[in-house]
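Me: Hey, I've got a new structure to look at. Can you walk me through it?

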Amino acid sequence: MNYAAKTKKKLYSIIKHMSHDQAQYIKNPDRDFARNRKLPFGDMMKLILSLGTNNTRSELLSFFRFKSDTASTSAFCQQRRKIKIEAFKTLFYLFNNSLSHLKTYKGYRVLACDGSTIPIPMTTDDRKYRTQGGSPKSEGAYLHLNALYDVCNKMYVDIQVEPEH
């Protein structure tokens, strides 16, 4: 088994483990993901991680290998809303901590930090995401992403997302 296959297997194993204790990762543990559906918690986590640039319907069809009983886009959106953001944070840290044999430079991990501004749809009335001042052309809603990157191992170690200003 090559490195990519081993890494994917490790990721899926962590998702499976999280699925056994999914109550802490979903918004309403008594109701959400309680019934047997086409998109259970574990599949939703894998699906969200695998999303590409196609429309949601195409991504669903691809994920479920073009089966005729593939879940609808609406079903995907409804299931996605049930998952807390903490589920992905937990997955990120559990996966990073599961990696061994990290490369170092003279015994040290080489980390780089950078920030990026990310435009987001102006679907919120929350002023904290909108720019303050500047030209009218730059008006919009933005997030600021700070990322800590391990240069030798080519992986993100930590991230922080916050309102732009």
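Predicted model: local features only at pLDDT ≥ 70, side-chain atom pairs only at ≥ 80, totals over all residues.

Me: How much space lies in the largest pocket?

Reply: The largest pocket holds about 1,100 Å³ of space. It is lined by 27 residues, and the closest to its centre are F88, L91, F92, F95 and N96.

Me: Which elements give two or more residues to that lining?

Reply: Those are α1 (3–20), α2 (41–50), α5 (85–98) and β3 (155–163).

Me: And which one gives the most?

Reply: That's α5, with eight residues in the lining of the largest pocket.

Me: How do the lining residues divide into nonpolar, polar and charged?

Reply: You get 16 nonpolar residues, six polar and five charged.

Me: OK, new topic. Where is K27?

Reply: K27 sits in the loop between α1 and α2.

Me: Why is K27 called partly exposed?

Reply: Because its relative accessible area is 48%, and partly exposed covers the range between buried, under 20%, and exposed, over 50%.

Me: What does K27 touch?

Reply: Leaving out residues up to four places away in sequence, K27 touches D32, R81, K82, I83 and K84.

Me: How far apart are K27 and K84 in sequence and in space?

Reply: In sequence, K27 and K84 are 57 residues apart, while C-alpha to C-alpha they are 6.0 Å apart in space.

Me: What about R81, which part of it does the side chain of K27 reach?

Reply: The K27 side chain reaches the backbone oxygen of R81, at 2.9 Å.

Key:
Residues numbered from 1 in each chain as written. Heavy atoms only, no water. 1 Å grid on protein atoms, 1.4 Å probe; cavity = no way out; pocket = protein on both sides within 12 Å on 5 of 7 lines; lining within 4 Å. Points joined across faces, edges and corners; volume = space filled by probe spheres on them. Helix = DSSP H or I, 4+ residues; strand = E, 2+ residues; numbered from the N terminus. Nonpolar A, V, L, I, M, F, W, Y, C, P; charged D, E, K, R; others polar. Buried < 20%, exposed > 50% of the residue type's maximum accessible area, 1.4 Å probe, protein only. Contact = heavy atoms within 4.5 Å. Polar contact = N/O pair within 3.5 Å; in protein donor to acceptor, adjacent residues only side chain to side chain.
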